[in-house]
Amino acid sequence: MAETESDRMGIATALVRSSFLVNAVYAESSREYGLTPQQGQLLCVLMPQPYGMSELGGVLGLAKSSLTGLVDRSAQRGLVRREPDPEDARAVRVALTPEGARLAEEFYAETTRRVEGLAGNLGAADRRTLAVLLGHVVFDNKVPVVFMECGGATSAPR
């Protein structure tokens with residue numbers, strides 16, 4: 001069997017190019033739902049539970065000022081709300097509003113469908129192998145849970 005260009009691609013090239021591919025799908029899905037990609041990420045991160053601002057900044061990889069702006073814009077759209085942190089009276093948590101939760105569910109389902117479609121030409125065994133290998137990369141590098149497993153189960157402790 002002849003070697004193809006994809007067979008000669010190194011791991012760095014394959015991972016970087018696949019991240020561009022996933023980001024493009026995420027951006028397209030966000031636009032169609034009237035969101036920025038960052039707002040889409042915020043909604044997906046908040047689906048399982050509210051987060052404190054500092055923890056949320058760590059998960060999203062955003063500086064305090066960038067996170068504040070993102071939360072402010074999302075709150076103005078009625079997608080998130082700030083609420084008191086029950087464990088620290090000085091702190092606030094960010095939670096989805098009912099409208100934000102509805103939009104998050106729709107956005108998540110559509111984005112998941114589109115991202116899974118990227119591997120549509122692979123057979124079931126290859127899709128499983130790809131998921132297992134990427135899962136190892138994600139866990140070994142302690143990537144925060146920014147996107148849940150389908151069905152709402154997270155793949156890492158919170």
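Biologist: Which residues is V80 in contact with, leaving aside its neighbours within four places in sequence?
Modeller: In this predicted model, V80 is in contact with L42, L43, L46, V71, S74, A75, V94, A95, L96 and T97.

Biologist: And which residues have the most contacts inside the largest nonpolar core?
Modeller: Those are L43, L46, L56 and V80, in a core of 24 residues.

Biologist: Which elements each supply at least two residues of this core?
Modeller: They are α2 (37–46), α3 (53–60), α4, β3 and α5. The largest share, 5 residues, comes from α2.

Biologist: Turning to the sheet, what is the order of the strands?
Modeller: The order is β1-β3-β2 in an open sheet of 3 strands, and the pairing is antiparallel. The edge strands, β1 (51–52) and β2 (80–85), each pair on one side only.

Biologist: How many bridges join β1 to β3?
Modeller: There are 2 bridges between β1 and β3 (residues 88–96). Y51 stands opposite V94 in β3.

Biologist: Which helix lies across β2 and β3?
Modeller: Helix α4 (residues 64–76) does, running at about 115° to β2.

Biologist: A change of topic: where does E110 lie, and is it buried or exposed?
Modeller: E110 lies in helix α5 (residues 98–117). E110 counts as buried because its relative accessible area is 17%, under the 20% cut-off.

Biologist: What does the side chain of E110 make a polar contact with?
Modeller: The partner is the side chain of R113, at 2.5 Å. Not counting residues up to four places away in sequence, E110 touches S29 and Y33.

Technical notes:
Residues numbered from 1 in each chain as written. Predicted model: local features only at pLDDT ≥ 70, side-chain atom pairs only at ≥ 80, totals over all residues. Heavy atoms only, no water. Helix = DSSP H or I, 4+ residues; strand = E, 2+ residues; numbered from the N terminus. Buried < 20%, exposed > 50% of the residue type's maximum accessible area, 1.4 Å probe, protein only. Polar contact = N/O pair within 3.5 Å; in protein donor to acceptor, adjacent residues only side chain to side chain. Contact = heavy atoms within 4.5 Å. Pairing = 2+ DSSP bridges. Axes fitted to C-alpha atoms, helices over the stretch in contact; angles between N-to-C directions. Core = buried A, V, L, I, M, F, W, Y, C linked by side-chain atoms within 4.5 Å.
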